[in-house]
Amino acid sequence: MINTGVTRTVLNEETNNKLSEKLELKSLKAVLSTFIGEIIPVSGEVLITVKYQNQQHNLPAMVVKSLGPDLLGRDWLEVIKLAGTVSSTSRRATPSFRKS
């Protein structure tokens, strides 16, 4: 899900565990909360190699202890140049994730 309301890209632990190769989870001191103030526990941060069209970037993502959706934040959107119009049903603008 692309959410331009979040500053950082967030993965839930389930998605992190499903990635083809386990990513190294590094310690991260951060406090994350929902728009209504609920605290979301942060497990750490991973570095992900993102490939999209002719681009490749190593980008950080926060891993959270939550069943909520993964969120593509403004930090990645500032780096990745998405082509075309992005909608919730569009598959053309879905970056792939790999271990760095």
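1. Salt bridges link Arg 8, Glu 45 and Asp 75 in a network. A salt bridge here is a side-chain nitrogen of Lys or Arg within 4 Å of a carboxyl oxygen of Asp or Glu. The model is predicted: local features need pLDDT of at least 70 and side-chain atom pairs count only at pLDDT 80 or more, while totals for chains, interfaces and linings use all residues. Residues are numbered from 1 along each chain as its sequence is written, and side-chain values use heavy atoms, with hydrogens and water left out.

2. In the Arg 8 to Glu 45 pair, the closest N and O atoms are 2.4 Å apart. Arg 8 sits in the segment before strand 1 (10–12) and Glu 45 in strand 4, 37 residues apart. Strands (E, at least two residues) and helices (H or I, at least four) are DSSP runs numbered from the N terminus. Arg 8 is partly exposed at 26% relative accessible area, and Glu 45 is partly exposed at 21%. The classes are buried under 20%, exposed over 50% and partly exposed in between, with a 1.4 Å probe and protein chains only.

3. Arg 8 also forms a salt bridge with Asp 75, at 3.7 Å from N to O. Asp 75 lies in helix 2 (residues 74–77), so this pair ties together parts 67 residues apart in sequence. Asp 75 is buried, with a relative accessible area of 17%.

4. The count of salt bridges is 3. One of them joins Glu 14 and Lys 18, with closest N and O atoms 2.9 Å apart. Both residues are in helix 1 (residues 13–18), 4 residues apart, or about one helical turn. Glu 14 is partly exposed at 42%, whereas Lys 18 counts as exposed at 62%.

5. The largest nonpolar core has 13 residues, and those with the most contacts inside it include Leu 11, Ile 48, Trp 76 and Ile 80. Such a core is a set of buried Ala, Val, Leu, Ile, Met, Phe, Trp, Tyr and Cys residues joined through side-chain atoms within 4.5 Å. Strand 4 (42–52) and strand 5 (55–64) each give two or more residues to this core; strand 4 gives the most, with 4. A second, separate core of 7 residues includes Val 6, Val 10, Val 42 and Val 64.

6. The protein chain has 2 helices and 6 strands, in the order β-α-β-β-β-β-α-β. Of its 100 residues, 32% count as buried. Among contacts (heavy atoms within 4.5 Å) with a separation of 6 or more, 61% are between residues 24 or more positions apart.
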